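Open the model in your viewer and keep the selection tool ready. The stops below say what to select and what is there.

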Amino acid sequence: MKLRKQVTVCGGAIFCVAVFSLYLMLDRVQHDPARRQNGGNFPRSQISVLQNRIEQLEQLLEENHQIISHIKDSVMELTDTGAVSPSGHLPFRSANGSWVLPFDGRPSFVAVKSQDCQVAVDNHGQSDLQMLDVYSLLKFDNLDGGVWKQGFDITYEPEEWDKEPLQVFVVPHSHNDPGWIKTFDKYFLEQTQHILNNMVLKLGEDPRRRFIWSEISYFSKWWEGADKQKREVTRKLVKSGQLEIVTGGWVMTDEANAHYFAMLDQLIEGHQWLETNLGVKPQSGWAIDPFGHSATMAYLLKKANLTSMLIQRVHYSIKKHFASTRSLEFMWRQSWDKSSDSDIFCHMMPFYSYDVPHTCGPDPKVCCQFDFKRLPGGRVNCPWKVPPKAVVEANVEERANLLLDQYRKKSKLFRSKVLLVPLGDDFRYDMALEWDQQFSNYQRLFDYMNAHPQMHVKAQFGTLSEYFSAVYKAGGVAQGARPADFPVLSGDFFAYADREDHYWTGYFTSRPFYKSLDRVLESHLRGAEILYSLALGHARHAAMEGRYPVADYALLVDARRTVALFQHHDAITGTAKENVVVDYGARLLRSLIGLKRVIINAAHFLVMKNKEFYRFYQTEPFLETDDRRATQDSLPQKTLIELDSTGPRYLVLYNPVEQERLCAVSVLVNTAHVRVLTEDGQTLPVQVSAQWASPIQMTLLCGPQATFMARLPALGLAVFHLYNMADSPMTLRSDTLLRLPGAGVSARAVDPLPVRSQQADPQPFFITTQSLTLGFSGTTGLLESIRLKDDPQEVKVQMHFLVYGTRPSKDKSGAYLFLPDGTAKPYVQKEPPVVRVEEGPLFSEVVSHFQHFQQTVRIHNVPGADGLSVELSTAVDIRDQTNKELAMRLVTDIQSGDVFHTDLNGFQMQARRQFLKLPLQANFYPMPSQALIQDSQHRLSLHSAQALGVASLESGQLEVILDRRLMQDDNRGLGQGLKDNKKTVNRFRLLLERRDTGNPCRRMTDSGAPAFPSLLGHLTGAVLNHEVLALPVLPKKRGVPQLQTFCPLREPLPCDFHLVNLRSVEDPNSPSPYTAMILHRKGMDCSLESPSLGFNCSTTQGQLGVSGLLRGLDLQLLQPVSLTLMHSAPPLANDSSVSLNPMELSAFKLKLR
C-alpha cells in the first residue's frame, strides 16, 4: 500500500504541474502584447499569426492530454500487475513476471501533426515506367537475339538521317577501380599515374581530343605529386572542355550495400576537393560499373545540382525491353515524389558491357575491330577472331561505313538523333601508344565521315556533358529538362543479371565482417563530425581556439576519405582479392582509432564545467575509448572500468542521436558490487551479469557486466558516477538458467554470480518485460512468438536457420553470384544447443549456442523506444564449411502475400514482389538497413546494422543471408572464391507493430506503393546504428575537475528530422569558420500505433528555426547550399526558419561562434 500511495502522490503532483503549465501557456497567449496593441481588430497580416497560435494551443492541449494519459497508464500498470514490493524497495519482480522499475518521473508525449503523415497516405508519384510493373510484364525468356545475343535484330532505312544528320559523340574514358585485383596504392603506382600523366601530354596535342575522369581518390593522389606545370596544364584542359570530371565523387560508389550517409559523404569529399583545387563543378553522373543501380543515387546527384546521369549494369532483359520501346533515356523520378522536383535525366547504356566491343553498336565482333589497342602485335586481342585494322587512306571508306552502320543501328534504340559512344575500359590509356592508336585512327574516321555529306553524320570526340547538351538542344529544352515524349521512370534496378540466370545477388552479403565494420566507422564519423564541430564552435565562442586540439581535423579528413574509399563498388561489396581486403581493413581500423580520439578530445572539452581548468595533453588523454580492436579482422573488446574503494570513477556517455534517449547502457567493471549515480546524485537501478568463456562456464577475466538505465540529451554528453560499494537495493544480479541438452553437462558459476541449470524439455518458455513477451522453443532456444503489451493474441515469429549449397555444375556461387543448388536445407547438428536464459530488471535475454553460430535475443525493460523492439545478435563462424551459405529465416502468420519492402541505402523503402517466374536467386535484394512485411493488422520490420541480402520467398517470411564461404571464382574477373571468412557478429532489431484501426491516416497498402517506416521504426533504426558510446574518465593523480552534462540543443529537433551531419568545412587543410548542416526530413507512416517513445516528440510541418537551435552558440551565417556545398543560394536572415518537404535532403552553410 505504501508504494501505491507513493506512486499516486507522484502521479498527482505531475498532473498538477501539467495543468499549471497549460494555464501559464493559455495566459501567455491571452496576454500577448502583439495581440493587445490592435485592440482586438486584427489586420489581415495577423490572421495567419492568430491561426498559428490557435494551432500551437491545440498542440499544447494534446501534449498535456498525453502526459496525463501516460501518468494514468503508469499508475494503472503498477496497480494491475500486483506491483507491491515485499520489501518496499524498487526495482522488484511483479506477479506476472515483469520487473517494476523506479518511476522515471518524466512523462512524454507524441504530438505528430496529421499533415506530417500525408506523404504515406497520398498515392505515390506518377510515372510512365514503374519498375515493379516492368518486372511483372516481362517474361525474362532470354531468347537468342542474333549478333546482339541478349537483344534483337536492328534494321533501318538509309534515308532516315537525310533531314537531320546523326550526331556522334565518342567519349574516351578509363575506368579505374580504387582497389580490386590490386590495392589502391599498387594500381596507382603501376597504372593510374601513367594514365593521368599521358592525359596531360596527349590531350594537349590536338584541341579536338576529349577525355573524362571519375575517381577523385586517384586524381587527388596524382595531383599531390604533380608539379606546378602539370597542374596548370590540367586546369587549362578542364577550362577548355577537353577534360571533364564526371560525377566527381571520391569513388564510383556501390549502390546496393552503401548507406546514403556514406554515398553523400564521398560525393562531398570529391566535390570539395574539386572546388578547392580545380574550381570545377561536375554536371553529369557516370556509373558504368556498380552492379545494379539505386534511385537514391539519382536523388543525391539531383540535389548536388547535376543535371544528367548515365548507368550501365542493368538486367539484360530490362535493357532489351527499354531498347525495344526506345526508353533507354528517361527522367528518373523518386517513387514518393508527387511533383517532378526530383527528376533527373538518365541514359542507360544498352549493351552487355562498357568495353569497346559493346559500345559502338549491337555487334561486338564489328565493334572490337575499332578498339585500336587490340591491333595485331599487342597484348590484347579480339575474341571474335577478327582483329582491328589501322585506318589508312586505302581502307578508310570501308572502315567508316562499317562503323557508321553500327552507329546507326545503336541510334535506333534512342529517341534523339544524338548518339553516345564510350571508348574505353578498365585502366585504359596507361601507355602513350594507346593514346596515339585510338585518337589518330578515330580522327581519320571522323574526318572522312564529316567530309562526306552523303553519309549524314557528324562524328567527333566529346565529353559526357557535351553529349547531354546536344540531346537537350535537339529536344529544344533547357539543360536537365525533360525533352518532349521522353518517359518518366520510378523504381530501381536490382537485382542485376548479366547473362542467363547469373544474378549478382551474392555480393549483397559477401564479407559481412567488413560490411559491419564499415557501418561502425560511419557512425563514428558522423558522431565525431558533430562533436568536433560543436567543440570547435564552443572553443571559438570562449576564445579558447588556441587551447583546443584543432589539429584533430586531419583525423576527420583521413576518416572521411577512408569511408569514401570503402564505398567503392569492389570494396563494401566484398568482391576484391584477399590482400586488397586486408588493405581496406587496415585503413578502416586506423581511421576508427583516429575518430575515437577526435570524440574523446571533443567530449573532454565539452563536459568541463569550468573551461578555465581545461588542459589538453597529447600524451595524456582525459577519457578512454569505449572499446578496442586488436587487429583489423578482430571483434571489439569493451574497455574494463576498474573500480576501487577510494572514490568514484566517472563515465561520460555520448548519444549521437538527435533525440533524447532513454536506454539501457552496459559497461564492463571489475566487481559485482557496483553502484551507479547520476550527475546530481540519484542512484540508478543496475543489473549485474556474468561474462561467459564458453556456453557453460563463466569468466572473471574481463569482469562482470553492469547495465543501467540512462536518460541522455540529444546529441549530448551525460556524466555518471560509478562506485565500488556494498550492494544496494538498486543493484540486482541477473537470474541465470542454463537449459542443458544432456545429464552429463554441468554449469560452472563464479561467485557472487549464481547460475541454475536444468535439463532442457520441449515445452516453450517465455521472457517478458512491461512491453513485450517473447516465446521460445524449449529444444533450440530460438524465438517462436512475440506478444505486444495489451494484446491478448501472440504473433507467430519463428526463427529458423538454413543452409544453401552451390550448384554442382560448371557455374557456381562466388563473390558476386548467388547460384544455389536448390532451396535451403534446415541447419542441423547432432546435439541440441546449450541455451542460457538471463532475466533481470533491465534486460532479459536468451542465448542459443550452436556449432556455427550463437544467437542472442534480448529485450530491454526500459520505457520508450529502446524497450519496444527485440535486439538480435548472431555471431557466425563458418570457417570450417565448404561452399555453404548460412541464412536466418523468420516465419510469421502475417498475411503479406508476395509483397515485401526493402530499403534503398537507408534512405527510402522500395516495394518488392516475389516472382515465381524468376529463379530463387533473383528474388534476393540488398538490405542496407531494413526489410519489412505487413498486412492489415501488423507490420514486422527487421532493422539491420550491416548490409546483407534479403528475400521473402513465401507469404509471412523474411530471410537474410548471414555469411557465405565459397571455394571457387565465379568468372567475373576476381580469380578467387570467398575463403577469408572471419568470426562475424550480425546485429539486428526486430520490431512488431500493430495497425491503429482508429487512425484517420490509415490506408490499405497498395502493393506497389512506397512504404514508410513509422516514427518508432525510424527511431529503432537510429538506436541500432548509432550506439551510445561509453567513455570512462581516466583516474587523475590531482583528482578529476568538475564535470557537467553537455546539452547542445536549446530545444529538440522535430522528431521527423534527422541530422545527417554537422561537418566542418575544409579550408584547404584545416577547418574553416564554416560548418555544413545536412538535414533529412523523414517520411512517416502514422497508421501504426504510436506508444510512448520515452521523450517528447512533436512535428512542425517541416519548419526548423536554426538560430535558436544550438545552446551557447551564436549563428552568424545561414546559407542554403546544394547537397555537396558547391552551389550557394543567397544567405537567409539569421533568425529565419528553414523548411523541408517530407523525404527532402537539404544542406546549409552555417557560421557558428
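Start by selecting R858 and F843: the charged end of R858 sits over the ring of F843, 3.7 Å from its centre. A charge counts as over a ring if NZ of Lys or CZ of Arg is within 6 Å of the ring centre and within 35 degrees of the ring normal. Next select K611, whose charged end sits over the ring of F605, 5.3 Å from its centre.

This is a predicted model, in which local features need pLDDT of at least 70 and side-chain atom pairs count only at pLDDT 80 or more, while totals for chains, interfaces and linings use all residues. Residues are numbered from 1 along each chain as its sequence is written, and side-chain values use heavy atoms, with hydrogens and water left out.

Now turn to the rings. The structure holds 62 aromatic pairs (rings of Phe, Tyr and Trp, the last by its six-membered ring, with centres within 6.5 Å; planes under 30 degrees apart are stacked, over 60 edge-to-face, the rest tilted). Select Y299 and F907, a stacked pair at 5.4 Å centre to centre with 25° between the planes. Y299 lies in helix 10 and F907 in the loop between strand 40 and strand 41, so the pair ties together parts that are 608 residues apart in sequence. Helices (H or I, at least four residues) and strands (E, at least two) are DSSP runs, numbered from the N terminus. Both Y299 and F907 are buried (under 20% relative accessible area, with a 1.4 Å probe and protein chains only; exposed is over 50%, partly exposed in between).

Then select Y496 and W504, a tilted pair at 5.1 Å centre to centre with 55° between the planes. Both Y496 and W504 are buried.
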